[in-house]
Amino acid sequence: MNNDLNEPAIDLLCELVRRRSVTPDDAGCQDMMRARLKPLGFRCETMQFDDVTNLWARRGGASPVLCFAGHTDVVPPGDESDWSTDPFEPIFRDGMLYARGAADMKSGLAAMIVAIEDFLGTHPDHAGSIALLITSDEEGRARDGTLKVMEALGERDEHIDWCVLGEPSSQHSLGDIVRVGRRGSLSGMLTVRGVQGHVAYPQLADNPIRRFAPVLAELHDINWDDGNEYFPPTSFQVVDVRAGIGAPNVTPGELSARFNFRYSTEWTHEELQQRVREVFDHHDIDYELDWHLSGKPFLTEPGKLIDAAQQAVTEHTGAAPELSTGGGTSDGRFISPAGVDVVELGPVNASIHKVDEHVKVDDVVTLTSMYRRILELMLLD
Ligand SMILES: [Zn+2]
């Protein structure tokens, strides 16, 4: 089906979703973006790390630097026969565009490019610089993408001041939520050692399930914090517990468990680890605990960028967005630690990672206009 809307952002979105860029394959999406950016005066640099292609593009050498960030990779479509139509062929139906990546987040990418083209058409001599940081490793391991680009920029002292991430931040309608931070994510991998035995002779065994149960109960009962102005309360969840050898008359010799904290800025990950160890150490339990930190919490303080995002949204929707730190992690976790103000503003996220992913066509056009407005508010004196 053809797009007869004659909207450049929709045309570009259609071209992008036709590329089967299943993570970490960029499938030529960045080439397409580069071809649009070069004539506008962007210096485009491909940063290849392992099998991940990243694009760093910058127009101008001056500060401040306003950077749009995002990813070209998408999650796999799953069983394509579950989709109503081909996930890599854009289909227009009832004002929606259906395709894998339509919402997460190729509409954000299309809106950025067209917003920049529009803006430069009238303001080629803007203040500061415009940049784009695009990766194809957000939906996968996220090891060779934004993280590595930020390291490379840091090594050569290239600094970003403000970042707009085009991730699908909206919940019910475009711009109802702007993300100004994200909770941290800390996982614990636990092993409890005991002594395997016959269930009828517990005095000869040491059951690790019995050892762990009261610790688990205590960890669950802790009110970690009440959150704060920007963050919901820290949550502790056990995601996996394993023990037992499958026989009804044998108590296990070992237990393993995994748990995860989504935590607010009331804690550092070191403090959380310390507090958990204290709980364990108050019990008689032989354990080993390993940690994996997937992302520290980050928060953008009120200031020019948040003001601009709020104003751009309000002018288009008539309502002020809610500033939130909810949801999962995003690549903002790699950008923010370099002292960058980060906001996430993108389309409605209800269908992301699902069969029949879609985006409202009008929202892509409006999002383009919002990004253009942010450029005006940030880079014109
Ligand atoms: Zn995404």
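Reader: How do the residues of the lining of the second largest pocket divide into nonpolar, polar and charged?
Author: There are 3 nonpolar, 3 polar and 2 charged residues. Ala, Val, Leu, Ile, Met, Phe, Trp, Tyr, Cys and Pro count as nonpolar, Asp, Glu, Lys and Arg as charged, and the others, Gly among them, as polar. This is a predicted model, in which local features need pLDDT of at least 70 and side-chain atom pairs pLDDT 80 or more, while totals for chains, interfaces and linings use all residues. Residues are numbered from 1 along each chain as its sequence is written, and side-chain values use heavy atoms, leaving out hydrogens and water.

Reader: Which atoms coordinate the zinc ion, and what makes them donors?
Author: H71 (NE2), D104 (OD) and E167 (OE) coordinate the zinc ion at 1.9 to 2.1 Å. Donors are N, O and S atoms within 2.8 Å of the metal (3.2 Å for Na, K and Ca), so these atoms qualify. Water is not among the atoms, so the site may look incomplete.

Reader: Why is D104 called buried?
Author: Buried means under 20% relative accessible area, exposed over 50%, and partly exposed in between (1.4 Å probe, protein chains only). D104 has 5% relative accessibility, so D104 counts as buried.

Reader: What about E167, buried or exposed?
Author: E167 has 7% relative accessibility and therefore counts as buried.
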